[in-house]
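Open the model in your viewer and keep the sequence panel beside it. Each stop below tells you what to select and what you will find there.

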Amino acid sequence: MNIRLPPTQRRMMDVLQDGLPHPAKELHACLYDDQGPMKNISAHLAWLRSAIRPLGNGIIALRNGEQGTYYQLVRLIANS
C-alpha cells in the first residue's frame, strides 16, 4: 500500500501488509518504547485505521482466547 505514514505506523503497516493475522506483541514491537504497556498500540492502530479507511482498507481485531488478540489488514466492502 503506497501511503505516506509516520514511522511507527509505517512499521506497523509493514507487518500487517501480508494480510495475515499478527499477534498484538508483534505490533507492540513496532513502537519506539516497546517496554511500555500493550495498550499503547491502540492509539497507533486508531490513527492507522483512519489513514487507510479512505483507501478501502481496515484493520480487524481477532480475539483468540488464551493466545490473545491478533490484528489483520483487510479490504473493506463498499457501501452500496
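Select Q9, which sits in helix α1. Helices here are DSSP runs of H or I with at least four residues, strands are runs of E with at least two, and both are numbered from the N terminus. This is a predicted model, where local features need pLDDT of at least 70, side-chain atom pairs count only at pLDDT 80 or more, and totals for chains, interfaces and linings use all residues. Residues are numbered from 1 along each chain as its sequence is written, and side-chain values use heavy atoms, with hydrogens and water left out.

Is Q9 buried or exposed? Q9 is buried, with a relative accessible area of 6%. Buried means under 20% relative accessible area, exposed means over 50%, and partly exposed lies in between (1.4 Å probe, protein chains only). Now show the contacts of Q9, counting heavy atoms within 4.5 Å. Q9 touches H44, W47 and L48, if residues up to four places away in sequence are not counted.

**Along α1**

Move to M12, also found in helix α1. Its relative accessible area is 0%, so M12 is buried. Leave aside neighbours within four places in sequence, and M12 is in contact with L27, C30, L31, I41, H44, L45 and L48. Next, pick the C-alpha atoms of M12 and Y71. They are 59 residues apart along the chain, yet separated by 10 Å.

Select the buried residues of α1: T8, Q9, M12, M13, V15 and L16. Look down the axis of α1: these residues fall within an arc of 155°, so they line one face of the helix. The arc is that of the directions from the helix axis to the C-beta atoms. An α-helix has 3.6 residues a turn, so residues three or four places apart point the same way. What covers the buried residues of α1? The cover includes β1, α2, α3, β2 and β3.

**On to α3**

Select residues 40-52, helix α3. At 1.5 Å a residue, its 13 residues should span 18 Å, and the end C-alpha atoms are 19 Å apart, which agrees. The expected span is 1.5 Å times one less than the number of residues.

Color the buried residues of α3, which are I41, L45, L48, A51 and I52. They cover an arc of only 120° around the axis, which puts them on the same side of α3. Their cover includes α1 (7-16), α2 (24-28), β2 (57-63) and β3 (69-75).

Now show α1 and α3 together. They pack at an angle of about 75°, with their axes 10 Å apart. Axes are lines fitted to C-alpha atoms, for helices over the stretch in contact, and angles run from 0 to 180 degrees between N-to-C directions. The two helices, α1 and α3, are therefore roughly perpendicular to each other. That term covers 65 to 115 degrees; under 35 counts as roughly parallel, over 145 as roughly antiparallel, and the rest as oblique. At this contact, T8, Q9, M12, M13 and L16 in α1 meet I41, H44, L45, W47, L48 and I52 in α3.

**The sheet**

Switch to the strands. In what order do the 3 strands form the open sheet? The order is β1-β3-β2, with antiparallel pairing. The edge strands are β1 (22-23) and β2, each pairing on one side only. Two strands pair if DSSP finds at least two bridges between them.

Start with β1 and β3, which run antiparallel and are joined by 2 bridges. Here H22 stands opposite Y71 in β3. Then take β2 and β3, an antiparallel pair over 7 bridges. Select I60 to see Q72 of β3 opposite. Do likewise with R63, which faces T69 in β3. The hairpin of β2 and β3 has 5 residues between the strands, and G65 there takes a positive phi near 50°.

Bring back α1, which lies across β1, β2 and β3 and runs at about 80° to β3. Helix α3 packs on the sheet too, touching β2 and β3, and its direction makes about 145° with that of β2.

**Last stop**

Select P54, in the loop between α3 and β2. P54 is exposed, with a relative accessible area of 69%. The C-alpha atoms of P54 and K25 are 29 residues apart along the chain and separated by 27 Å.
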